[in-house]
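Work through the exercises below with the sequence and the coordinates at hand. Each task is followed by a solution in steps.

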Amino acid sequence: SEVVKINDFQTLETLDVKTGAKTAIEQDRSNVLQWFTADGTAVSVRPSGTEPKIKFYFGVRAELESVADFDRVEAGLDAKIETIKKELKLV
């Protein structure tokens, strides 16, 4: 899914990738970048505060039509996270 928005909490700006428009983020500065895609996926990246490594956080979404679909939808979301990790060469 294409990236549509980028949040940079160091510069405190949000970039609308489609229009190029930048808007201010109203909060304290932090060393965090976030990418949001058209399908609602979010990837956040920040350095560890205690170790020499970078931490990645993934948020994925899917419609859950019924409780009976939970296992199938969860497996699909897990697979999506694994695909993202491979595309970012994290595994």
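Buried means under 20% relative accessible area, exposed means over 50%, and partly exposed lies in between (1.4 Å probe, protein chains only). The model is predicted, so local features need pLDDT of at least 70 and side-chain atom pairs count only at pLDDT 80 or more, whereas totals for chains, interfaces and linings use all residues. Residues are numbered from 1 along each chain as its sequence is written, and side-chain values use heavy atoms, with hydrogens and water left out.

**Exercise 1.** Describe the fold and the overall dimensions of the protein.

Solution. 
Step 1. Assign secondary structure from DSSP runs, numbered from the N terminus: helices are H or I with at least four residues, strands are E with at least two.
Step 2. Take the radius of gyration over C-alpha atoms, and the globule rule as 2.2 Å times the number of residues to the power 0.38. For 91 residues a compact globule would come near 12 Å, but the protein has 15 Å.
Step 3. Along the principal axes, the C-alpha atoms fill a box of roughly 45 × 35 × 25 Å.
Step 4. Compute accessible areas by the Shrake-Rupley method with a 1.4 Å probe; for residues, only the protein chains shown count as cover. The surface is about 6,700 Å², with 53% of it belonging to carbon and sulfur atoms. Of the 91 residues, 20% count as buried.

**Exercise 2.** Is N7 buried or exposed, and which side chain does the side chain of N7 join in a polar contact?

Solution. 
Step 1. Locate N7: strand β1, residues 3–8.
Step 2. N7 counts as buried because its relative accessibility is 8%.
Step 3. Search for polar contacts, that is, pairs of N or O atoms within 3.5 Å; within protein, one must be able to donate a hydrogen and the other to accept it, and residues adjacent in sequence count only if both atoms are side-chain atoms. The search gives the side chain of T14, at 2.7 Å.
Step 4. Check the partner. T14 is in strand β2, residues 13–16, and is buried because its relative accessible area is 14%.
Step 5. List contacts (heavy atoms within 4.5 Å). Leaving aside neighbours within four places in sequence, N7 is in contact with E13, T14, I25, V32, L33, Q34 and F36. With the corresponding exclusion, T14 touches residues including K5, I6, A21 and K22.

**Exercise 3.** How many salt bridges does the structure hold?

Solution. 
Step 1. Apply the criterion: a side-chain nitrogen of Lys or Arg within 4 Å of a carboxyl oxygen of Asp or Glu. The count is six.
Step 2. Examine E13 and K22, with closest N and O atoms 3.9 Å apart. E13 is partly exposed at 31%; K22 is exposed at 55%.
Step 3. Examine K85 and E82, at 3.1 Å. Both lie in helix α1, three residues apart, about one turn of the helix. K85 is partly exposed at 21%, as is E82 at 34%.

**Exercise 4.** Which residues form a nonpolar patch on the surface?

Solution. 
Step 1. Keep residues with over 30% relative accessible area and no salt bridge; join like charges within 9 Å, and nonpolar side chains (Val, Leu, Ile, Met, Phe, Trp, Tyr) within 5 Å.
Step 2. The patch consists of I54, F56, L88, L90 and V91, with about 450 Å² of accessible area together.
Step 3. Check one member: L88 is in the segment after α1 (70–87) and is partly exposed, with a relative accessible area of 41%.
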